[in-house]
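Dear colleague,

Please find the structure below, together with its sequence. My notes on what was found in it follow directly after.

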Amino acid sequence: MEKKEFRAESKRLLDLMINSIYTNKEIFLRELISNASDAIDKMYYKALTDESLSFNKEDYFIRINVDKENRTLTVSDTGIGMTKEELEDNLGIIAQSGSFDFKKENEVKDGFDIIGQFGVGFYSAFMVSDKVTVITKAYGDSNAYKWESEGADGYTIDLAEKEHTGTDIILKLKENTEDESYDEYLEEYRLQGIIKRYSDFIRYPIKMDITSNKLKEGSEDEYEEVKEEKTINSMIPIWRKNKNELTDEDYEKFYSEKHFGFEKPLKYIHMSVDGVIRYDAILYIPGETPYDFYTKEYEKGLELYSSGVLIMNKCADLLPDYFGFVKGIVDSEDLSLNISREMLQHDRQLKLIAKKIREKIKDELLNLLKNDREKYEKFFENFGKQLKFGVYSEFGMNRDILEDLLLFYSSNEKKLITLEEYVDRMKEDQKYIYYATGESIQRIDKLPQVDFVKEKDYEILYLTDDVDEFAIKVLTKYKEKEFKSVSSSDLELDNESEKEEKQDDDEELINSMKKILSGKVKDVRFTKKLKDHPVYLASEGDLSIEMEKVLNQMPNNPNLKAEKILEINANHNVYNRLKSAFENDEDNLELYTNLLYNQALLIEGLPIEDPVEFTNNIWKLL
Ligand SMILES: Nc1ncnc2c1ncn2[C@@H]1O[C@H](COP(=O)(O)OP(=O)(O)OP(=O)(O)O)[C@@H](O)[C@H]1O
């Protein structure tokens, strides 16, 4: 029989599994049971929705068999099984979910991180086994197949005998080593413990033969060992349990069991709603940003159940994009099992649930913000950007829901603050909420226009994310207070006295500079905003310089330009040099003007148009 190779990525993962030093090897059982349960879900769902199929609830179960003599542990299910092609596709390559992206930079030295980050499912069997055999018969298939592998060098697939639809996974356990006992996975007591610990909520019975000592029949003092089949798990899904019965640990276990994330969730929300529509939900805010969260590959959605039967893995309609980071499950007895994906989108009940969930998440986040600021800031660090995208997208439709959840860095407090906190302590005469944009807090701190507003003793919000200013522009106001960029040309500070008394020849100088910079700036003006700097670039209109930068980094660069104003500090020495050049030497005026313009570009973090010319000009001056 021909041996097939695993695909390259799978081979490497298998190597990691086989040589794993991961201390928590017992999770292999959880993975296999979880796969078995998924397979029964699929079968059960089919039976419930296909009238031609009769079904019996007792027909659906998972069974664990131990054979101490042969050192094998078998996990069997009565699920949907796999066809030959599915065996190839599902077990020949790594988890299809795309959760496993073997990029160079993600490469890890030992298996720990991988097992931790992704929950590698079926492959974890190789942490405890020398050989794994899968015997499976797919629903509707007359043939059964045997898949077998002894590790990274490949696998075989062959025809097999199997009466009923379903799958048996047979693990030939590794020999014990000095540090590790694999025999323990043959002990009833140990296996029961693992099942209780990780798989108690699985909705199908997990059956196993349990040995006990019983009085011999007819005897009063003689005992005998009897084996009896028992169901190990309680089968009550965690979301159906009473909140009072559950501990933090239970919720955390469920989170990792479901592969929502490896880390502890930051927060869980358990809803049991008994209104117009009945449903239970457990929602989680992850403790870390999923590695692919801010990419196209990330799929939002909640698991959707109808009376305990899984009908959709990721129901996207239950979550708005801005709360797309939320993980969890929703179970409602009021949803029809037969509902199709297309119908779901229009389902009134589903819409109602989605609305309630959205409101609940918002309320819980606001509570967190109020009662546990540190935790909220951790949340915001992970997902704040998504909230800001939420403000900006759909033409600002969701701004009211989101504005109180936003945090920005404050120049006064030197930490993140809410808009409400800003507005509450605005000075009496303060008209605007001031903000400044830039790559980093340090850079913004050094901007001349920031200095000016700070000196007037106004608090400034520092915006460092690309999306920030776009979101602010969509908000336009918070509690009737307008936002104003410190880089805008009309700050309306200092009673308009920014505009210096000008003499006629100043006016002419400005006109000449405007001519030199025509096409580059909209205007050249005097300013009083500057102290130590000779010039800076302000902007007018809706598009700021920071936004121009962001837009120009986009793949299909729209090449939009902010309306720039070159503002000049007439009290700076450089201005006198300009003046004398204007009076005596036209060439020098052009040289100085271009230099100053380029310097202003640099201060704003914009590229200068001709770096060679710029450096040549500096040399000329030297
Ligand atoms: N007992 C089983 N019955 C039917 N199909 C199975 C069974 N075990 C595994 N499979 C199939 O093999 C696939 C791969 O399983 P694996 O555990 O590696 O990943 P997964 O369950 O898809 O993802 P994850 O473990 O990250 O949730 C499954 O998606 C399923 O299609």
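**Notes on the model**

Valine 330, leaving aside its neighbours within four places in sequence, is in contact with Tyr279, Ala281, Leu302, Leu304, Tyr305, Leu318 and Ile353, where contact requires that the C-beta atoms of two residues, placed from the backbone, lie within 7 Å. This is a predicted model, in which local features need pLDDT of at least 70 and side-chain atom pairs count only at pLDDT 80 or more, while totals for chains, interfaces and linings use all residues. Residues are numbered from 1 along each chain as its sequence is written.

Val330 also belongs to the largest nonpolar core, which holds 140 residues, and is listed with Ala125, Ala436, Ile460, Leu461 and Leu566 as touching the most other members. Such a core is a set of buried Ala, Val, Leu, Ile, Met, Phe, Trp, Tyr and Cys residues joined through C-beta atoms within 7 Å, and buried means that 20 or more other C-beta atoms lie within 10 Å of a residue's own (exposed is 12 or fewer, partly exposed in between). Helix α2 (residues 27-49) contributes the largest share of this core, 10 residues; helices (H or I, at least four residues) and strands (E, at least two) are DSSP runs, numbered from the N terminus.

In one, 8 strands follow the order β5-β4-β3-β6-β2-β1-β7-β8 with mixed pairing, two strands being paired if DSSP finds at least two bridges between them. Because β5 (155-160) and β8 (223-231) each have a single partner strand, they stand at the edges, with one side of each left without a neighbour in the sheet. Strands β1 (residues 62-67) and β7 (residues 206-215) run parallel and are joined by 3 bridges, with arginine 63 standing opposite lysine 207 in β7. Helix α2 lies across β1, β2 (72-77), β6 (166-173) and β7, and runs at about 20 degrees to β2; here axes are lines fitted to C-alpha atoms, for helices over the stretch in contact, and angles run from 0 to 180 degrees between N-to-C directions.

The other open sheet has 5 strands in the order β9-β10-β13-β11-β12, again with mixed pairing, and its edge strands, β9 (267-274) and β12 (309-315), pair on one side only. Strand β11 (residues 302-306) runs antiparallel to β12 and is joined to it by 4 bridges, and leucine 302, which is among the contacts of valine 330, stands opposite cysteine 315 in β12.

Kind regards
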